2 protein chains.
Amino acid sequence: MSETAENGWQPVRRLRTHEHVLAQIEQQILDGRLAAGDRLPGERELADYLGVSRAGVREAMRVLEALGVVSAGVGSGPTSGSVVRGEGSEALANLLRLHLALSRFTQREVMEVRIQLERWAVAEAAVHATASDVTKLRAVVLAMRQRDISYEEFNELDTGFHVSVAEMSGNALLGTLMRALRDAVRREMLAVFEDLQDWRGTADSLADQHAAIVEAIAAHDSTGATALVERHITNFYAG
Amino acid sequence: MSETAENGWQPVRRLRTHEHVLAQIEQQILDGRLAAGDRLPGERELADYLGVSRAGVREAMRVLEALGVVSAGVGSGPTSGSVVRGEGSEALANLLRLHLALSRFTQREVMEVRIQLERWAVAEAAVHATASDVTKLRAVVLAMRQRDISYEEFNELDTGFHVSVAEMSGNALLGTLMRALRDAVRREMLAVFEDLQDWRGTADSLADQHAAIVEAIAAHDSTGATALVERHITNFYAG
C-alpha cells in the first residue's frame, strides 16, 4: 500500500519463485485440501510438480516453518516431506514479540489489551471452571510461594497461571492470544523484577493476588474475579 | 515440546544455517540495535559477516519478509540491503488466517474474541472520537448504502468501519488485532453473502446497525454503543 503513488498507479511486482510456491500451498490449506497432519510432497517432488527450482521450494518451506504452519521434513523417501501442523501459538508469540520490539506498540497498549482479555477470561473461568481446574490453579499459587525459585521460574509460573485461566474460559483462541501477549512482554517483566530491591516481597504480593482470584473463580464470582484481575495487572504496571 | 520423550529426554536439534541467521537478526532487534527503518547489510556482506552461505542468508530473509519484519532489498550496492519494517499487521493477519484454516479455532471462538474487542473498541471510541472521526464513520455508512457495489466491496467497507472504530480507541494494537481477525474470517463472511437470496437486504440492515453505532459514538454513549455492537455481531453470526 505504501508503494501506491499519489496518482493511484501501483508498480506491478512480479512474484518471486518462493512466493508462487507459498501461494499454492496456502491456497490448498484455505481450500481444505491440505489439513493438519497431512504430509507435503518432498522438496524434489514438489519442485517437479510446480516446475520451479528446489531452492525456491526450500525457501517457501522455511517461511512456513517459521509461521508454525509446517514442521520440517528430514531425510529422503516417501516420509521425508514436511508435515502440516495444526498449532502455532509459539510462532504467533514470536511474531508479536518481534513487532513489539520494533516499537509498533507501546507497553500501555499491550497492558490495555491484556486487561480486556484477562477480565473476560476470569469472568468465563468463574462460570466454567471445574473443581479440578481450581485445584490446578491453587497448586500454581503454592508453587509461586516457594522460597527457592528464581524470578525467571516465578515468571513462568505466573504466565502459566494466566494462560490456564484463559484456557478454562473454553475459548482456545483466547488462550493462544494470552500466551502470545505474555511471551511478548516476558523480557520487560523480567526487567521489572531485576530492578527490584526485594523481588520476593513483590512475588509474595502477586501470589496473594492470584490466590484471591482463584477463590473468586472457585466461588463462581465473575464480577469479583474481574475486578481482582484488573487491579492485579494495573498495579504491576504501575510498579 | 511434542518431541520430548516420556522419560524427559529431548533430542538435541542442531540449528540450521538460516536459523542461525534469523537468531542473530532477531537478537539485534530485541536488543534495540536494529530498529524500524534501518537497512540490513546486503546478502553477500551478511553471509561474510556470519560465515555462512548466501543461500542461508536468503532463506532467513524470506522468513523475515513473510513475518513482515523486513522489506526485500533489490539490486546491489550500498542501498541493496533489506529494510527493517515497523509495521506488520498484514503478516499477522495472514498467519491468523492460515491457522484458522487449519481448524485450530472455531468460528464461535473467533466471534467471541471479536465481540470482546469490539465492545471495548466502541466504548473507547465513544470517549475519544473527534467530530472528524464521526464524519469519517458517517461517510463509510453512506458508502455502504450505495446500490451499485458488489458484496466484496461492501465487505471491504464493513471491515474498514470496524477497523476505524478500533483505531479511534487510541490503541494501535487493538486496531491491528481487529484487522487481523476480520481478514482471517473474510472468506467465511463472503460465503455468508454468497448464500443469501437478497444480500442487499442484509447489507441495508447492517448499514442501519452501523449508523446507530455511529450516533451512539457521536453522543459519547459508551454503554449504548457497546450493546449495539454486541447485538450487531451476534446477529450476523446467528444469520
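This is a predicted model: local features need pLDDT of at least 70, side-chain atom pairs count only at pLDDT 80 or more; totals for chains, interfaces and linings use all residues.
A residue counts as buried if 20 or more other C-beta atoms lie within 10 Å of its own. The buried residues are A:Gly56, A:Val57, A:Glu59, A:Ala60, A:Met61, A:Arg62, A:Val63, A:Leu64, A:Glu65 and A:Ala66. H3(A) covers residues 54–66 and spans 18 Å from its first C-alpha to its last, close to the 18 Å expected at 1.5 Å a residue. After the helix comes A:Gly68, with a positive phi near 75 degrees.

| Helix pair | Residues | Axis separation | Angle |
|---|---|---|---|
| H5(A) and H7(A) | 107–128 and 151–168 | 7 Å apart | about 60 degrees |
| H5(B) and H10(B) | 107–128 and 199–218 | within 7 Å | roughly 45 degrees |

On the H5(A) side the contact consists of A:Glu118, A:Ala121, A:Val122, A:Ala125 and A:His128, which meet A:His162, A:Val165, A:Ala166 and A:Met168 of H7(A). By type, these contact residues are six nonpolar, two polar and one charged.

In chain B, H5(B) and H10(B) cross at roughly 45 degrees and are therefore oblique to each other. H5(B) contributes B:Val122, B:Ala125 and B:Ala126 to the contact, and H10(B) contributes B:Ile213, B:Ala216 and B:Ile217. The contact residues of H5(B) with H10(B) comprise six nonpolar, no polar and no charged.

Note on methods: Residues are numbered from 1 along each chain as its sequence is written. Chains are lettered from A and ligands numbered from 1 in the order in which they are written. Axes are lines fitted to C-alpha atoms, for helices over the stretch in contact, and angles run from 0 to 180 degrees between N-to-C directions. Helices (H or I, at least four residues) and strands (E, at least two) are DSSP runs, numbered from the N terminus. Two residues are in contact if their C-beta atoms, placed from the backbone, lie within 7 Å. Ala, Val, Leu, Ile, Met, Phe, Trp, Tyr, Cys and Pro count as nonpolar, Asp, Glu, Lys and Arg as charged, and the others, Gly among them, as polar. The expected span of a helix is 1.5 Å times one less than its number of residues. A residue is buried if 20 or more other C-beta atoms lie within 10 Å of its own, exposed if 12 or fewer, and partly exposed in between; C-beta atoms are placed from the backbone. Angles under 35 degrees count as roughly parallel, over 145 as roughly antiparallel, 65 to 115 as roughly perpendicular and the rest as oblique.
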